[in-house]
Amino acid sequence: MKKDILKHKLVPDHTILSKTEAKKVLKELNIHQEQLPKIKVDDPVAKAIGAKTGDILKITRKSQTAGRFVTYRLVIN
Amino acid sequence: MKGILKKVSQINFGLMSPENIRKMSVTKIVTPDTYDEDGYPIEGGLMDPRLGVIDPGLRCRSCGSKGGDCQGHFGHINLARPVIHVGFADTIHKILRSTCKECGKVLLTESEKLDYKNRIELRLENGVTITPVIKEIYNVARRDKCPHCETEQEDVKIDKPVSIVEGNYKLTASEVRERLENIPEDDYMYIGVNPEVARPEWMVLTVLPVPPVTVRPSITLETGERSEDDLTHKLVDILRINQRLKENMEAGAPQLIVEDLWELLQYHVTTYFDNEASGVPPARHRSGRPLKTLAQRLKGKEGRFRSNLSGKRVNFSARTVISPDPNISINEVGVPEMIAREVTVPIRVTEWNMEKMKEYIMNGPNKHPGANYVIRPDARKIRVYDETKDAIVEKLEPGFVVERHLIDGDVVLFNRQPSLHRMSMMAHEVKVLPYKTFRLNLCVCPPYNADFDGDEMNMHIFQTEESRAEAKSLMRVQEHILSPRFGGPIIGGIHDHISGAYLLTRLGSEFSEEDVFQMVKRARMPLPKSKGRDWTGKEIFSLLLPKDLNMVYKAEICRKCDECLKQECKNDAYVVIENGELKTGAIDEKAYGAFSGKILDSIVKEYGTDAARQFLDSSTKLAIYGIMKRGFTTSTADEEIPQEAKDRIEELLENAERKVENLIAAYHNEELEALPGRSLRETLEMKVMQVLGESRDKSGEIAESYFGMDNHAVIMALTGARGSMLNLTQIAACVGQQSVRGGRIERGYSKRTLPHFHEGELGAKASGFVHSSYKKGLDPIEFFFHAMGGREGLVDTAIRTAQSGYMQRRLVNALQDLNVKADGTVRDNRGIVVQTRYGEDGIDPAKSDYGKVADIDRMIDEMRIKSKAK
């Protein structure tokens, strides 16, 4: 009985950024990619969307304070 | 210590080799004595002059520097037999357990070795801790047979603290050392030893370093008697036994005696390192006090780390009891003259302040605005005495620094422990006052959580212009009126300020013009124009409001009627302020109280902190003079209710108790219907609790209906000044159900709470329902149950504070390095982003509207009034 964890209401939306998008985000935040929060490549969500080490994920989640909040994570192993 | 300037680029941790210990030692210590008959240190003794000097004036025999400049030098003791170091006993045990007794190799197969080697190397490369891997090896390498030489292994156990037992045979320290020496260097990796900095056999001591005398100074008592440090005492013990052991060994004494002495040496060395090691009786001083040895110096709250490195005692600080002063501003603190004369502010002398500085010096150290010290440009500090002040004034020149007394207007840091949030330390302006207590305005009690039942507070004086400027703009009390915790005021009116403002502004409150001017003048507000008639309280309060303030809100006294009559509210709870004029509504806690003051909140946000400080200072004073005009007092007479009310309450409670009896009867006859998900018994409990709870509330309502707004206790409860209606009804009508562990009282004797009841009795009275009021008095049974509930409350608070304190400590330690950068991101000290936007919405809660960006509904209301007023 395998469930699709991406459909669970507690799992926020994760998308893999393309190289150009990633560059844009890093430039916007004015940081190195190592300074981003991390996510493990064997994290269930990372596995489900097929992220590879070095990818940057865009995470869109509900927020108590801001309503909707976008954050980024670097995939590491 | 002067002249040593080096930058630490790297710290390496490892074990100290015997050669290393000997190399850094300046002398071998052999004699257990310290001083000879003439009081001179003995060479080769524990106070050997080569170990460093303490007395100023003498020169060190080893380094040549003067006493005070010499940091001291280590010596060493050659131990007659090796001993195990307590700190490493556990490690030694683990290593012996996972290595072969014959060949010394780690008990891992070649393939396991390869696997672990890869894992360890990967972790070292990534800078990750290898502890978990080593732990795993220690578990896997517990084999019965060596995979290399096929030797059967015996079980190695540790007998705390330092005995290593193999099978039934206790290994001697020499045997332990031999085994450790036998481990091949290639295998060090698997037992977590870095061969560059350590070898396992170094965990068994053959040489003991002797710390310099500066680490264990002896004290000369008034009687001229010398008293040695605990460490010296311990070292004397070690030397004595070491000596005896050596002599016995050389004389060829029987094995048994040598072993006994060896054991004793081991005990002394063990307690020298840690006198609280489990399994050894602590070594004691002659007086019976346990010795404070190396580990005790570092460990715990009073240890070197927490007491001397993380926290230090400071100069330019003062501490005394606090007391209230409603006449000073919230920004001020009253400082006793005695303290003002003791703690000082350094002032650089210039041409422009020369005269003033000379005045201070001429006042001397004992007359108030005086000076205690003068610092010359060559950094020499000269104490000012009445006898020397004239000479000092003569020599005073620009460039000198005068340490003058505290005077009115100086900025100081004021603090009350526990410092739980940033409002626990705020900058105040000094006001020098007579007597011996710190004085503070009552409005700043909530942020410090202070009261005047004997609380003490600390004051620190800034010593540089930069710190003063920074404190003045960031830490001043008025900058902290709004709390970053909930975006509302945390500083505001309390107690009498609130009842006073209510008495002043409630419906029908009028004052003669003479009274008004008197109050206004005493509150130090500007005098208003004469009206030539009596003033309403609302008109007086309006004098304080900014002329373009518009707001609407429901006051604390609002009874939350089903349909709000708004402006026509008969309780005067609908507050409308039109262009700075209080039209309707009374002023109470919701207006300017700490934690909920809406007007105060609005003034800080719209008109700034200066205006807010002025408003608070004046409004609280006005309220105090308002309350003084009317007079305000409370007593148990305020909770008196007529006999008729008492009869009604009695009847109500009897009804309720009858209902409970019926429920219990229904339960016993099994007629009770169980609620979903509950057992029959639980259902009964719930229903009984509900009936009794209702009856308590109803009895309260009856009592309340006899209380009017002319009752002072009721005024305090309803305006939010102090106390609650529940407090009053418990005094007047009925105390209600007592609870332990969230339910009715069940504990005590078997199947009953007290011997006054039948076994299994479930009635209201038998389970802790207090039917009396506090005023009427509790009967003995009720009193007992009340004490049970009360005790639980006390225990809970004690546990809660301890628990939340520790929780806070952990949280603060985890978060202390995070900060919000200019671009709005939250980062740690390595620059790693934690949040891409602070709080996800980037809002400073102190500047928000109770945590929200804005309250649109309220803004619309206010704009409506504004446009109507025009």
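Just after helix α22 of chain B, G720(B) takes a positive phi of about 90°; helices here are DSSP runs of H or I with at least four residues, strands are runs of E with at least two, and both are numbered from the N terminus. The model is predicted, so that local features need pLDDT of at least 70 and side-chain atom pairs count only at pLDDT 80 or more, whereas totals for chains, interfaces and linings use all residues. Residues are numbered from 1 along each chain as its sequence is written, chains are lettered from A and ligands numbered from 1 in the order in which they are written, and side-chain values use heavy atoms, with hydrogens and water left out.

Helix α22(B) spans residues 712-719 and is mostly covered, with 8 of its 8 residues buried, where buried means under 20% relative accessible area, exposed over 50% and partly exposed in between, for a 1.4 Å probe and protein chains only. Among the buried residues are H712(B), V714(B), M716(B) and L718(B). Their cover includes α15 (496-505), α18 (589-592) and α23 (725-732) of chain B. At the N-terminal end, N711(B) caps the helix through a side-chain oxygen that lies 3.0 Å from the backbone nitrogen of A713(B).

An open sheet of 3 strands in chain B has the order β2-β3-β4 with antiparallel pairing; two strands pair if DSSP finds at least two bridges between them. Its edge strands, each pairing on one side only, are β2 (156-159) and β4 (169-171) of chain B, and neighbouring strands are turned by 35° against each other on average, direction ignored. Between β2(B) and β3(B) (residues 163-166) there are 4 bridges in the antiparallel sense, and the bridge partner of V156(B) in β3(B) is E166(B). Helix α2 (residues 89-97) of chain B lies across β2, β3 and β4 of chain B and runs at about 165° to β2(B). Helix α5 (residues 173-181) of chain B packs on the sheet, touching β3 and β4 of chain B, and its direction makes about 70° with that of β4(B).

Strand β10 (residues 344-348) of chain B is largely enclosed by the rest of the structure, because 4 of its 5 residues are buried. It runs antiparallel to strand β13 (residues 401-405) of chain B, to which 5 bridges join it, and R348(B) has V401(B) as its bridge partner in β13(B).

Over all chains the structure holds 8 aromatic pairs, where rings of Phe, Tyr and Trp (its six-membered ring) pair if their centres lie within 6.5 Å, and planes under 30 degrees apart count as stacked, over 60 as edge-to-face and the rest as tilted. Two of these pairs are tabulated below.

| Pair | Class | Centre to centre | Angle between planes |
|---|---|---|---|
| F414(B) and Y448(B) | edge-to-face | 5.9 Å | 85° |
| F784(B) and F785(B) | edge-to-face | 6.5 Å | 65° |

F414(B) lies in strand β14 (residues 411-415) and Y448(B) in helix α13 (residues 445-448) of chain B, so their pair ties together parts that are 34 residues apart in sequence. F784(B) counts as partly exposed at 42% relative accessibility, whereas F785(B) is buried with a relative accessible area of 1%.

How values were computed:
Axes fitted to C-alpha atoms, helices over the stretch in contact; angles between N-to-C directions. Contact = heavy atoms within 4.5 Å. Polar contact = N/O pair within 3.5 Å; in protein donor to acceptor, adjacent residues only side chain to side chain.
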